[in-house]
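This briefing walks through selected features of one protein structure.

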Amino acid sequence: MSRLGIIAGGGDLPRAVAQSARENGRDVFVVSLTGDSSDWTAQFPREEVSLGEMGKALRALSASKCTEVLFAGRVGRPRFTELRLDAKGALVMPRLAAAALKGDDALLRGVVDIFEKEGYRVLSVAEAAPGLILGEGAIGRHRPSADAEADIAKGFRVIARMGELDIGQATAVCEGLVLAVEAAEGTDAMLKRIAELPERLRGSPGKPRGVLVKAPKPIQDRKTDLPVIGVETVRNAIGAGLSGIAVEANGALVVDRADVVRAADAAGLFILGIVPDKA
């Protein structure tokens, strides 16, 4: 089995993917994006690059005998005119800048296309670290109420419409009212905004109401950008007064699953993987 190259951005997902892939017997090499990853990368052979150093990244992957690559973690949209570019970066950056004008998904597809044309097979997290995928059904002790199930169904409809416009992957709904939708700020920031709403519109930690719903955009490439939940997601959902979290079954990732379940169970929060057509 060839060495897997992980292009690692920020957050806990790249660490979880790298560790899971290694536990599954994969030899892992990490390309760490400058300023976007942390000390966990010291556990693996690695190379640090900036966003504009495409040539350096490709040379590092080749030297490490990687034939498959995977993208994981947050990467902020760059100011293309301010990037430090190497020769390969200068060649491809105009194409990526043009793709970025069409949305984040077009940008990610452009990056995938570059690596595939260089001969790499681009994997999804589901292929390299299947243990992170949340399947159908609940994890933990708690289950949604009838009201929560109705909110979940509406949440999936909202995300489908948002996804058509490449807006975001998450929304929160409380008794039919859309409390917030995720855009560029990310899920955690969205949840913190909900906590600032009047309690007549939302639940509270003592009397939870409403749900967080996360699902991939209909237009997106699932190799590069599946929704993620982790312990921080659970904490922020509790702080927002929500009763649970629902994600698309086999279309979202759980980082540090045991800790997530422990935190949700302690707070009375449900976590559910569901097929949207069944919502």
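How many salt bridges does a search of the whole structure find? The search finds 16. The model is predicted, and every value below is computed from it.

**Salt bridges**

- R15 and D12 join their side chains in a salt bridge, with N to O at 3.9 Å.
- R15 is buried, at 16% relative accessible area. D12 is partly exposed, at 47%.
- A second salt bridge links the side chains of D265 and R141, with 3.8 Å from N to O.
- D265 sits in helix 9 (residues 257-267), while R141 sits in the loop between strand 6 (137-139) and helix 6 (146-164). The pair therefore ties together parts that are 124 residues apart in sequence.
- Are the two partners buried or exposed? D265 counts as buried, because its relative accessibility is 13% and the limit is under 20%. R141 counts as exposed, because its 59% is over 50%.
- E164 forms a salt bridge with R161, and their closest N and O atoms are 3.8 Å apart.
- E164 and R161 are three residues apart in helix 6, so about one helical turn separates them.
- E164 is exposed at 51% relative accessibility. R161 is exposed at 59%.
- Salt bridges also link R26, E68, R121 and E127 in a network.

- Strand 1 (residues 3-8) pairs with strand 4 (residues 66-72) in the parallel sense, over six bridges.
- L4 has E68 of strand 4 as its bridge partner. E68 also belongs to the salt-bridge network with R26, R121 and E127.

**Helix 2 and its neighbours**

- Which residues make the contact? Helix 2 supplies M54, G55 and L58. Helix 3 supplies K88, G89, V92 and L96.
- By class, this contact has four nonpolar residues, two polar and one charged.

**T171**

- T171 belongs to strand 7 (residues 170-174).
- Its relative accessible area is 0%, so T171 is buried.
- What does the side chain of T171 reach at 2.8 Å? It reaches the backbone oxygen of A180.
- Beyond its neighbours within four places in sequence, T171 is in contact with residues including G155, V158, I159 and M162. Further contacts of T171 include V178, A180, V181, M190, V211, L212 and V213.

**L242**

- L242 is placed in the loop between helix 8 (231-239) and strand 11 (244-248).
- L242 is buried, with 3% relative accessibility.
- L242 and A172 are 70 residues apart along the chain. Their C-alpha atoms are separated by 8.4 Å.
- A172 is among the contacts of L242 once neighbours within four places in sequence are left aside. The contacts of L242 also include L179, L191, P208, R209, G210, V211, L212, A237 and L269.

**A160**

- A160 lies in helix 6.
- Is A160 buried, partly exposed or exposed? A160 counts as partly exposed, at 31% relative accessibility.
- A160 and C174 are 14 residues apart along the chain. Their C-alpha atoms are separated by 18 Å.

Note on methods. Residues numbered from 1 in each chain as written. Predicted model: local features only at pLDDT ≥ 70, side-chain atom pairs only at ≥ 80, totals over all residues. Heavy atoms only, no water. Contact = heavy atoms within 4.5 Å. Helix = DSSP H or I, 4+ residues; strand = E, 2+ residues; numbered from the N terminus. Nonpolar A, V, L, I, M, F, W, Y, C, P; charged D, E, K, R; others polar. Salt bridge = Lys/Arg side-chain N within 4 Å of Asp/Glu carboxyl O. Buried < 20%, exposed > 50% of the residue type's maximum accessible area, 1.4 Å probe, protein only. Pairing = 2+ DSSP bridges. Polar contact = N/O pair within 3.5 Å; in protein donor to acceptor, adjacent residues only side chain to side chain.
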